[in-house]
Amino acid sequence: MPDNEPPVPAAAPDDPRGESLNPVSRKLIPSRYLSLLPFTVVVAIAGVVLALVFHPVWWALAAAGIALTAFALWIVPIQVKRIGWLETDDELLISKGRLWHQFTVVPYGRIQYVDVTAGPIAQAFGIQTVTLNTASSTSDSSIPGMPAGEATALRRRLADKARERMSGL
């Protein structure tokens, strides 16, 4: 699928340099819905069926499923809007979240390798996740929801920059 939709405005203004971050594809929203909503809807339906067949106490399960579904419908677009990334001369900047905001700075010289992955749902929407692997085991250096061509091009650029910086050490 070509990525013809307008970009999501970069809603991650926390770059200390004041530069605007590149947004991820809007296709990440329906992709996350397809990954998450079937489970919450099944919980709601199971609660309704169990309450009707066995005992009214199961309405609590139905209410929980409905609440989880409503929460997912509300939070997923907000999460996607808050994901941004930017290549600078020396590092890659990644911003995610609002309440639990995470701003990651990955120096090119610290990158060991770059993965580009896509599960079946992401493939159907033509998006991929770029993951940077560094010596640190604690960083979440991934950019979900990138259009496939853009993800592959970013992987190549990051691998080249990482090789350049590593050869200088």
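**Exercise 1. Find which helix the buried residues of H2 pack against.**

Step 1. Locate the helix: H2 covers residues 59-81. Helices here are DSSP runs of H or I with at least four residues, strands are E runs of at least two, and both are numbered from the N terminus.

Step 2. Pick out its buried residues, which are Ala62, Gly65, Thr69, Ala72, Ile75, Val76 and Val80. Buried means under 20% relative accessible area, exposed over 50%, and partly exposed in between, with a 1.4 Å probe and protein chains only.

Step 3. Look for their partner: these buried residues of H2 pack against helix H1 (28-53). Contact means heavy atoms within 4.5 Å.

Before going on, a friendly note on what you are looking at. This is a predicted model, where local features need pLDDT of at least 70 and side-chain atom pairs count only at pLDDT 80 or more, while totals for chains, interfaces and linings use all residues. Residues are numbered from 1 along each chain as its sequence is written, and side-chain values use heavy atoms, with hydrogens and water left out.

**Exercise 2. Zoom in on Ala72 and list its contacts beyond four places in sequence.**

Step 1. Ala72 is found in helix H2, and its relative accessible area is 2%, so it counts as buried.

Step 2. Leaving aside neighbours within four places, Ala72 touches Tyr33, Leu36, Leu37 and Pro77.

Step 3. Now check a distance: the C-alpha atoms of Ala72 and Thr40 are 8.6 Å apart, although 32 residues separate them along the chain.

**Exercise 3. Work out where H1 and H2 kink.**

Step 1. In H2, a kink of about 30 degrees lies at Ile75, shortly before the proline Pro77. The bend is the angle between axes fitted to the seven residues ending at a residue and the seven starting there.

Step 2. In H1, the kink is about 35 degrees and sits at Leu36, shortly before the proline Pro38.

Step 3. Compare the spans with expectation. H2 has 23 residues and reaches 34 Å from first to last C-alpha, close to the expected 33 Å. H1 has 26 residues and reaches 38 Å, close to the 38 Å expected. The expected span is 1.5 Å times one less than the number of residues.

**Exercise 4. Identify what the buried residues of H1 pack against.**

Step 1. The buried residues of H1 include Ser31, Tyr33, Leu37 and Thr40.

Step 2. Their partners are H2, helix H3 (120-125), strand S6 (127-134) and S7.

Step 3. Take Ser31 as a case: with a relative accessible area of 6%, Ser31 is buried. Beyond its neighbours within four places, Ser31 is in contact with Ile121, Ala122, Phe125 and Ile127. The C-alpha atoms of Ser31 and Gly145 are separated by 8.7 Å, and the two are 114 residues apart along the chain.

**Exercise 5. Decide which element gives the most to the lining of the largest pocket.**

Step 1. The largest pocket has a volume of about 340 Å³. Of the 13 residues lining this pocket, the closest to its centre are Ile75, Gln79, Gly97, Arg98 and Leu99. A pocket is an open set of points on a 1 Å grid over the protein atoms alone, where a 1.4 Å probe fits, with protein on both sides within 12 Å along at least five of seven lines; lining residues have an atom within 4 Å of a point. Points are joined across faces, edges and corners, and the volume is the space filled by probe spheres set on them.

Step 2. H2 gives the most to this lining, with five residues.
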